[in-house]
Every structure is written in C-alpha cells, then in structure tokens.
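Please read them with the structure open.

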Amino acid sequence: QVQLVESGGGLVQAGGSLRLSCAASGGTLRRLTMGWFRRAPGKEREFVAAITWSGGSTTYTASVKGRFTISRDNAKNTGYLQMNNLKPEDTALYYCAADRNWPYTTVAATTVAQYEDWGQGTQVTVSS
C-alpha cells in the first residue's frame, strides 16, 4: 500500500493558479499510474487527470483541458497538478490516487474504481 498526502490547496480568486502536490510514502509511486480526482459539495467524486508511471501519457477531463497540467517527479516520489485560470466550478476537495493494479502501464486509468490508494484530500476554493 502507498500512503499519499496532498498539499497546496487554498482559497484563490477566479483566474488565479494553484499547484497541488501529492507525496507518496510507504511504497514507491514510480511504477504506478497516478490520478487526481475531485469532489464538489453535493456531487460524486470525479476524475480530473492522470499520468502513467513514466509520464509518457496524460489524460484530462474535458473541463480542465488547457488549464490544468499533471506531472510527476519519480525521483521525489511526488506528483503534481498545476491549475491555472481557475473557475468557481473548480471548487472541490481534490484527491490524489495510485493505481496498483497495472504497474508500468501505458494507459492511464480514469475511474475511481481503478485506484486503490487514496490521500485525504486538499481543499480548493475559487471565489468569483
């Protein structure tokens, strides 16, 4: 099992930027696909972005394409989500997750059920 801890959330005005980090411990993240998900108040947890173990493949939900960038530093066992041009509808609790089912895969998982290890989340609030 991989323990994940998110950080970097906060309150920002619309149009602003935040960079979320996801630090892994208790296991190595470097072989695994890493994903970011979010849950807005009253809504289900939804996929945001994912990156394969090598960083060779990334995928995003349509609403964040062109604004968010997922990346990772395997030497630091850490993943990132750079969020630019934030909108009020991006307000949510953001989670990072690791997919231990398919190490070294070249296709990133995009559903909640495909990820086994989850962090506790970091709150992002975007004011209008």
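Is Trp118 buried, partly exposed or exposed? Trp118 counts as partly exposed, because its relative accessibility is 22%; buried means under 20% relative accessible area, exposed over 50%, and partly exposed in between, with a 1.4 Å probe and protein chains only.

1. Basis of the notes. This is a predicted model: local features need pLDDT of at least 70, side-chain atom pairs count only at pLDDT 80 or more, and totals for chains, interfaces and linings use all residues. Residues are numbered from 1 along each chain as its sequence is written, and side-chain values use heavy atoms, with hydrogens and water left out.

2. Salt bridges around Asp90. The structure holds four salt bridges (a side-chain nitrogen of Lys or Arg within 4 Å of a carboxyl oxygen of Asp or Glu). One of them joins Asp90 to Arg38, with 3.0 Å between the closest N and O atoms. Asp90 lies in the loop between strand 8 (78–83) and strand 9 (92–99), and Arg38 in strand 4 (residues 33–39), so this pair ties together parts that are 52 residues apart in sequence. Strands here are DSSP runs of E, at least two residues, numbered from the N terminus. Both Asp90 and Arg38 are buried.

3. Because Arg67 lies in the loop between strand 6 (58–60) and strand 7 (68–73), and Asp90 in the loop between strand 8 and strand 9, the pair ties together parts that are 23 residues apart in sequence. Arg67 is buried, like Asp90.

4. Arg100 and Asp117. These two residues form a salt bridge whose closest N and O atoms are 2.5 Å apart. The link is between distant parts of the chain, 17 residues apart: Arg100 is in the loop between strand 9 and strand 10 (117–118), and Asp117 is in strand 10. Arg100 counts as partly exposed, at 38% relative accessibility, whereas Asp117 is buried, with a relative accessible area of 1%. Elsewhere, salt bridges with shared partners join Arg38, Glu46, Arg67 and Asp90 into one network.

5. Aromatic pairs. A search of the whole structure finds six aromatic pairs (rings of Phe, Tyr and Trp, the last by its six-membered ring, with centres within 6.5 Å; planes under 30 degrees apart count as stacked, over 60 as edge-to-face and the rest as tilted). One of them is Phe37 with Tyr115: the ring centres are 5.2 Å apart and the planes at 75°, so the pair is edge-to-face. Phe37 is in strand 4 and Tyr115 in the loop between strand 9 and strand 10, 78 residues apart. Both Phe37 and Tyr115 are buried. Tyr115 also pairs edge-to-face with Trp118, at 6.2 Å centre to centre and 65° between the planes. Ring pairs link Phe37, Phe47, Tyr95, Tyr115 and Trp118 into a cluster.

6. Arg45 over two rings. Arg45 lies over the face of Tyr95, 3.9 Å from the ring centre. Its charged end also sits over the ring of Trp118, 4.6 Å from the centre. The criterion is NZ of Lys or CZ of Arg within 6 Å of the ring centre and within 35 degrees of the ring normal.

7. Strand pairing. Strand 1 (residues 3–7) and strand 3 (residues 18–25) pair in the antiparallel sense over five bridges; pairing requires that DSSP finds at least two bridges between the strands. Val5 has Ala23 in strand 3 as its bridge partner. Strand 3 also runs antiparallel to strand 8, joined by six bridges, and Arg19 stands opposite Gln82 in strand 8.

Terms used
Helix = DSSP H or I, 4+ residues; strand = E, 2+ residues; numbered from the N terminus.
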